[in-house]
Structures are given as structure tokens and as C-alpha cells.
Amino acid sequence: MATWNSRGLRGSTLEDMINRTNEKYLESGLALIQKIPTPITPIKIDKENHHITLAYFEQKSTVDYIGAVQGIPVCFDAKECAADTFALQNIHEHQVEFMRQFEQQGGVAFFLIYYSAKDLFYYLSFDELEVFWQRAKNGGRKSFRFEELSLDYILPKKHGLLVPYLDAMQKDLAQKDAKGH
């Protein structure tokens with residue numbers, strides 16, 4: 001009998017799970033979130049199968065998703081992490097700067113990180129990222145460990161929602177309000 005070995009979520013599967021969650025949020029009237037396509041320029045195309053076989057990115061992308069939740073502007077990026085340590089090199093300076101400016105305009109920016117070895121999603125608020133980012137810029141660790149994260153932002157399994165991030169976003173907003181952001 002053939003066996004199937006899961007290798008965890010891979011790129012498009014993570015994206016599919018978030019897209020399906022966003023569709024549920026839209027159907028419920030809770031949020032309108034769109035996937036931002038990464039602009040590419042095709043170099044080689046397999047004419048027989050109509051597939052792009054070689055391309056380059058036209059510009060640096062900022063975030064994977066953007067939209068609104070109950071009137072609040074929202075942007076976020078999705079990342080996958082196979083270990084307990086997340087390397088900050090997976091996040092680019094221009095993304096952090098975009099998110100910083102987005103929050104200065106009254107929006108909410110965050111990362112959804114899928115820890116594949118633990119099979120769990122984590123909501124990394126921009127404020128939490130900023131602590132790790134500044135630590136790295138000041139000569140400290142260029143990564144963060146899972147143990148450093150707040151357990152309050154682990155996304156619980158929720159019936160019908162594959163990546164239920166709105167509750168964590170609500171906590172993030174409450175924390176921002178408490179700090180006077």
C-alpha cells in the first residue's frame with residue numbers, strides 16, 4: 001500500500017488557507033482582504049503548456065495581503081517557519097518600512113507565521129516584530145525564537161476558519177489602544 005508523507009504546508013497551500021479564511025470573513029461581512037499579486041516579467045514561456053518557466057520580479061513587493069476589517073485598514077504578510085527559530089532575513093527592510101508607515105496612517109500591520117513543525121499559526125504584531133527588528137539592527141540576534149513570543153497570539157483551531165486571525169487582531173488593537181497608539 002502506498003503511503004503519503006505530508007511535508008507540511010508549502011507556499012501556495014499556506015496562501016490557499018489564508019485565501020479561504022479571507023473568503024469566510026467576506027461572506028460573514030467581517031472583512032474585505034485581497035491577495036496582492038507579485039508583479040513579474042516573463043522571460044521564457046513553455047508555449048506548449050502555456051507556463052512561465054523563467055521570470056524576474058519587476059519590483060520589490062511590500063505585503064501579501066491588504067484590505068479592511070470593520071473599517072480598519074489592514075495589511076499583512078504570510079511566512080512559513082520549519083524550526084523554532086525565525087530568521088529576520090525572511091523579512092525585508094522595505095516591508096518593515098511599508099508596515100511602519102501603514103501603522104502611522106492608522107492601519108494595522110502584522111505577519112501570519114505558520115510554524116510547520118508545531119502545526120500552528122502565530123499572529124506577529126508589527127509592535128512585536130519591531131522589538132526583534134530593532135534588536136537585530138542594534139547588533140543583537142538576527143532571529144527570534146518561538147519561546148520569545150507571546151502565547152496570547154497563537155491562533156487557535158476554529159471550526160470553519162483555517163487561519164482565524166481576527167481575534168488576535170482585536171487583541172493587538174486593544175493593546176495599541178492601551179499604549180495610546
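Read along the sequence, the protein chain runs α-β-β-β-β-β-β-α-β-β-α-β-β-α, which gives four helices and 10 strands. Keep in mind as you look around that this is a predicted model.

**The chain as a whole**
- The protein chain has 181 residues, and 37% of them count as buried.
- Take the contacts between residues at least 6 apart in sequence: 62% of these join residues at least 24 apart.

**Where α2 meets α3**
- Helix α2 covers residues 93-104 and helix α3 covers residues 126-137; their axes come within 12 Å and cross at roughly 135 degrees.
- That angle makes α2 oblique to α3, since only angles over 145 degrees count as roughly antiparallel.
- The crossing of α2 past α3 is left-handed.
- On the α2 side, the contact is made by E93, V96, M99, R100 and E103.
- On the α3 side, F126, D127, L129, E130, W133, Q134 and K137 take part.
- Sorted by class, this contact of α2 with α3 holds six charged, five nonpolar and one polar residue.

**A closer look at N22**
- You will find N22 in helix α1, which spans residues 12-27.
- N22 has a relative accessible area of 5%, so this residue is buried; the cut-off for buried is under 20%.
- The side chain of N22 makes a polar contact with the side chain of Y165, at 2.5 Å.
- Setting aside neighbours within four places in sequence, N22 is in contact with I33, Y65, F76 and Y165.

Note on methods. Residues numbered from 1 in each chain as written. Predicted model: local features only at pLDDT ≥ 70, side-chain atom pairs only at ≥ 80, totals over all residues. Heavy atoms only, no water. Axes fitted to C-alpha atoms, helices over the stretch in contact; angles between N-to-C directions. Helix = DSSP H or I, 4+ residues; strand = E, 2+ residues; numbered from the N terminus. Parallel < 35°, antiparallel > 145°, perpendicular 65-115°, else oblique. Left-handed = near helix turned anticlockwise from the far one by under 90°. Contact = heavy atoms within 4.5 Å. Nonpolar A, V, L, I, M, F, W, Y, C, P; charged D, E, K, R; others polar. Buried < 20%, exposed > 50% of the residue type's maximum accessible area, 1.4 Å probe, protein only. Polar contact = N/O pair within 3.5 Å; in protein donor to acceptor, adjacent residues only side chain to side chain.
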